[in-house]
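Please keep the sequence and the structure in view while reading.

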Amino acid sequence: MPWRVEFDGELDVIRCIYAGSIALDDFKGATFEAIALARKHNAHRVLIDTAELDSAISTMEIYSLPEFYETTRTDRHSKWAFVLPPAGQIREDAKFYVTVCKNRGWYIRAFDHRREAVAWLVRKNDVVNGA
């Protein structure tokens, strides 16, 4: 499986980690699992790590994901830190995903490094869904 979703109880963060090649159904499967964990643990912070992603979904599929989140009742009060792939078209696609999510009202920010993403995600003085 090109993804895994886990809850980090120490940081109170849901981690969605992607590697290799991924399809739209993979993103959707990870989303369902992340929603279930978030509800179970009352977690509102999500680390989306695509640093090891090689290829992903089409531009139109990327564009459709925020609407999918709305239909699945993904928590609008959550804060998402997105770790970008290192280079190439996959990085540009990931940046487009972040832009689409922001434009649809999700509280998401892109990062080059996992360490920076986690630091921002757990910072307590930020208002979730208020940036």
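Two residues are in contact when heavy atoms lie within 4.5 Å. The structure shown is a predicted model. Among contacts in the protein chain between residues at least 6 apart in sequence, 74% join residues at least 24 apart.

**Fold and overall shape**

- Four helices and five strands are found in the protein chain.
- Their order along the sequence is β-β-α-β-α-β-α-β-α.
- The protein chain has a radius of gyration of 13 Å, close to the 14 Å that the globule rule gives for 131 residues, so it is as compact as a globular protein of that length.
- The C-alpha trace spans about 35 × 30 × 30 Å along its principal axes.

**Inside and surface**

- Of the 131 residues in the protein chain, 47% are buried.
- The protein chain exposes about 7,000 Å², and 50% of this area comes from carbon and sulfur atoms.

**Charges**

- The protein chain carries 18 positive and 19 negative side chains.
- The centres of these two sets lie 6 Å apart.
- Side chains of opposite charge can pair when their charged atoms come close.
- The structure holds six salt bridges.

**The pair Arg 4 and Glu 6**

- A salt bridge joins the side chains of Arg 4 and Glu 6, at 3.2 Å from N to O.
- Arg 4 counts as partly exposed because its relative accessibility is 46%.
- Glu 6 also counts as partly exposed, with a relative accessibility of 30%.

**The pair Asp 112 and Arg 91**

- The side chains of Asp 112 and Arg 91 form a salt bridge, with 2.4 Å from N to O.
- Asp 112 lies in the loop between β5 (107-111) and α4 (114-122), while Arg 91 lies in helix α3 (residues 88-103), so the pair ties together parts that are 21 residues apart in sequence.
- Asp 112 has a relative accessible area of 43% and is partly exposed.
- Arg 91 is buried, because its relative accessible area of 17% falls under the 20% cut-off.

**The pair Lys 95 and Glu 92**

- Lys 95 and Glu 92 meet through their side chains in a salt bridge of 3.8 Å, N to O.
- Lys 95 and Glu 92 are three residues apart in helix α3, so about one helical turn separates them.
- Lys 95 is partly exposed, at a relative accessible area of 36%.
- Glu 92 is partly exposed as well, at 42%.

Technical notes
Residues numbered from 1 in each chain as written. Predicted model: local features only at pLDDT ≥ 70, side-chain atom pairs only at ≥ 80, totals over all residues. Heavy atoms only, no water. Helix = DSSP H or I, 4+ residues; strand = E, 2+ residues; numbered from the N terminus. Rg over C-alpha atoms; globule rule 2.2 N^0.38 Å. Buried < 20%, exposed > 50% of the residue type's maximum accessible area, 1.4 Å probe, protein only. Areas by Shrake-Rupley, 256 points an atom, 1.4 Å probe, with all protein chains shown as cover. Lys, Arg positive; Asp, Glu negative; His and termini not counted. Charge placed at Lys NZ, Arg CZ, Asp CG, Glu CD. Salt bridge = Lys/Arg side-chain N within 4 Å of Asp/Glu carboxyl O.
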